[in-house]
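Work through the exercises below with the model open. Each task is followed by its solution.

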Amino acid sequence: MTIDKNDLLNSILSSLSRIDYIKPEEIPGIDLYMDQVTTFMESKLKSSKRYPEDKVLTKTMINNYAKNDLLPPPVKKKYSKEHILLLTFIYYFKNILSISDIQTLLKPLTEKHFDVDDDSMDLTEIYDEIMKLEMGQIEPIMKDIAKRFHIAEESFPNAEEEQKEFLQNFTFICLLCFDVYVKKMLVEKLIDQMPHSGKKDKKSK
């Protein structure tokens, strides 16, 4: 971490500043077939992939999401704008939460806000509000990450020079992982309190 530390921090913060989301107006106004859905999602979310060869979404994934009630089935093999919005939520959730937890989170959305015909708030409104709020959190997150970086940079002051960089880098990773761990635990507790929580269902059986 002591080598080119400013370059490393700036690179991290720069990548965070480029985070964006699929805006509702960018989604085609017509329903899409499976291949069109995967192509669209790939084009919009490719910058979030870890490796170039990774796939944002595959046909198998989409079929599994529908099979596990995360996603309403397509109509005549076509997926609507609201399907795309749900798939975007799933994309961000799947690396952190279990399938059952995602199902618990999304079930109220699909039951009350998917393809609504009355004056109820539709899924587009909910998605747009949440994404805008999330984008507003990028700057505070960047400041927090920079703070953790500098804390790690001051760790192990008495370590041998050839070990110091690894230990400080390891410390930085541990600080970030602990943050994720604590927030994941909080999210799981909140999900367990939701009406459709699988945990509650198991207790009732």
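**Exercise 1.** What percentage of the 205 residues of the protein count as buried?

Solution. Of the 205 residues, 32% count as buried. Buried means under 20% relative accessible area (1.4 Å probe, protein chains only). This is a predicted model: local features need pLDDT of at least 70, side-chain atom pairs need 80 or more, and totals for chains, interfaces and linings use all residues. Residues are numbered from 1 along each chain as its sequence is written, and side-chain values use heavy atoms, without hydrogens and water.

**Exercise 2.** List the secondary structure in order.

Solution. Count the elements: nine helices and two strands. Helices (H or I, at least four residues) and strands (E, at least two) are DSSP runs, numbered from the N terminus. Then read from the N terminus: α-β-α-α-β-α-α-α-α-α-α.

**Exercise 3.** Check the length of helix α2 (residues 34-45), then find its buried face.

Solution. Take 1.5 Å times one less than the number of residues. For the 12 residues of α2 this gives 16 Å, and the end C-alpha atoms are 16 Å apart, which agrees. Next, pick out the buried residues: Met34, Val37, Thr38, Phe40, Met41 and Leu45. Seen down the axis, they fall within an arc of 165 degrees, so they line one face of α2. The arc uses directions from the helix axis to the C-beta atoms. Finally, find the cover: it includes β1 (32-33), α3 (59-67), β2 (78-79) and α4 (81-93).

**Exercise 4.** Place Tyr181 in the chain.

Solution. Tyr181 lies in helix α8 (residues 161-192).

Note on methods. Buried means under 20% relative accessible area, exposed over 50%, partly exposed in between (1.4 Å probe, protein chains only). Contact means heavy atoms within 4.5 Å.
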